[in-house]
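Please open the model in your viewer and keep a selection panel at hand.

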Amino acid sequence: MKILCMMPAAKGVYPPEAEERRIAVMKSYATAATQIDVDYMPDVSGFSPWGGQGGPLEADKMARAHEFSARRAVQAEKDGYDAFCPYGLLDIGVLEARKRVSIPVVGQAEAAMLHCAMLGQPFASCSYMPGNEEHTRAHAASLGLEKLLVAITAIGIPNSEYPNRRKELVEQFVRCTREARDQGSALMGYVAMSICPGGVPAAELSAASGFPVLDALACQIATAEWWHRTGLPTSLLRSPRS
């Protein structure tokens, strides 16, 4: 099958090194049976996924980002792709795109949290900076999983600084897992992409912390593959589920 992954910004919004690293990570999930291509959002939305300081998301910029993502999904279907997967836990354009295309549109946050639901385990989230806790809770609630999300943690370092502060990133992630465990979590199930796998692979973070870490990108690709193989109609993809 063919999957199109979309960067959450137009070309040139990320610095070249950060852009190339994310593209390489996404393509690394390809297999003999699954081709993964990566493209950009078709226009500049004003939303920047780079160096964010946390806090409430700006509604007008996010609305444009959702619309541009949905447009790219339409083009992906026309180009013969079997699934569309936007990069990042904001699941940019997922709900809008599902109204316009017949191929599966899979969000990373949705896929990761639904994997936690399949396990039936209480889970925690880990983001870059404090400030978007309500968004995370609302996303879990829209999937009917608010009772399973028992801890919300943050690294406290902007994602633009991770390449030069990798050791500190791991140390702060370990701190977050301690907080998660203390609050009753069984795994770190909702981890921002620049942390994992964009910054550090899930296996390395699990080894460093002694705590299970779920890779949301792996969940997203696996869900897209599963949906394609079942042949089920995408009209069954419904959100919110609560």
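In this predicted model, the structure holds 1 cavity of 30 Å³ or more, and the volume of the largest cavity comes to about 30 Å³. To find it, select Arg21, Arg22, Trp50, Asn159, Tyr162, Pro163 and Ser194, the residues that line this cavity. Coloured by class, the lining of the largest cavity separates into 3 nonpolar, 2 polar and 2 charged residues.

Next, move to the second largest pocket, for which the volume is about 380 Å³. Its lining is made up of 18 residues, and a selection of His66, Leu90, Leu95, His135 and His139 brings up those closest to the centre of the pocket. If you then show the helices α2 (59-78), α3 (94-98) and α5 (133-142), you will have on screen three elements that each supply at least two residues of the lining of this pocket. By class, the lining of the second largest pocket comprises 8 nonpolar, 6 polar and 4 charged residues.

Two places in the backbone deserve a selection of their own. Most residues other than glycine have a negative phi, and most peptide bonds are trans. Go to aspartate 91 in the loop between β3 (83-86) and α3, where this residue, although not a glycine, has a positive phi of about 50°. Is aspartate 91 buried or exposed? Aspartate 91 counts as buried, because its relative accessibility is 7% and the cut-off for buried is under 20%. Then select cysteine 196 and proline 197, which are joined by a cis peptide bond with omega of about 5°; proline 197 is found in the loop between β6 (187-191) and α7 (202-209).

A search of the whole structure finds 11 salt bridges, and a few of them can be visited in turn.

Now centre the view on arginine 165, whose side chain meets that of glutamate 161 in a salt bridge of 2.2 Å, N to O. Arginine 165 also forms a salt bridge with glutamate 168, where the closest N and O atoms are 2.9 Å apart. Arginine 165 itself is partly exposed, with a relative accessible area of 29%; glutamate 161 is partly exposed at 29% relative accessibility, and glutamate 168 is likewise partly exposed, with a relative accessible area of 29%. To close this part of the tour, select Glu67, Arg71 and Arg100, which are linked in a network of salt bridges.

The last stop is on the surface, where Trp226, Leu232 and Leu236 form a nonpolar patch with about 300 Å² of accessible area together.

Terms used:
Residues numbered from 1 in each chain as written. Predicted model: local features only at pLDDT ≥ 70, side-chain atom pairs only at ≥ 80, totals over all residues. Heavy atoms only, no water. 1 Å grid on protein atoms, 1.4 Å probe; cavity = no way out; pocket = protein on both sides within 12 Å on 5 of 7 lines; lining within 4 Å. Points joined across faces, edges and corners; volume = space filled by probe spheres on them. Helix = DSSP H or I, 4+ residues; strand = E, 2+ residues; numbered from the N terminus. Nonpolar A, V, L, I, M, F, W, Y, C, P; charged D, E, K, R; others polar. Patch = residues over 30% accessible without salt bridge, like charges linked within 9 Å, V, L, I, M, F, W, Y side chains within 5 Å. Areas by Shrake-Rupley, 256 points an atom, 1.4 Å probe, with all protein chains shown as cover. Salt bridge = Lys/Arg side-chain N within 4 Å of Asp/Glu carboxyl O. Buried < 20%, exposed > 50% of the residue type's maximum accessible area, 1.4 Å probe, protein only.
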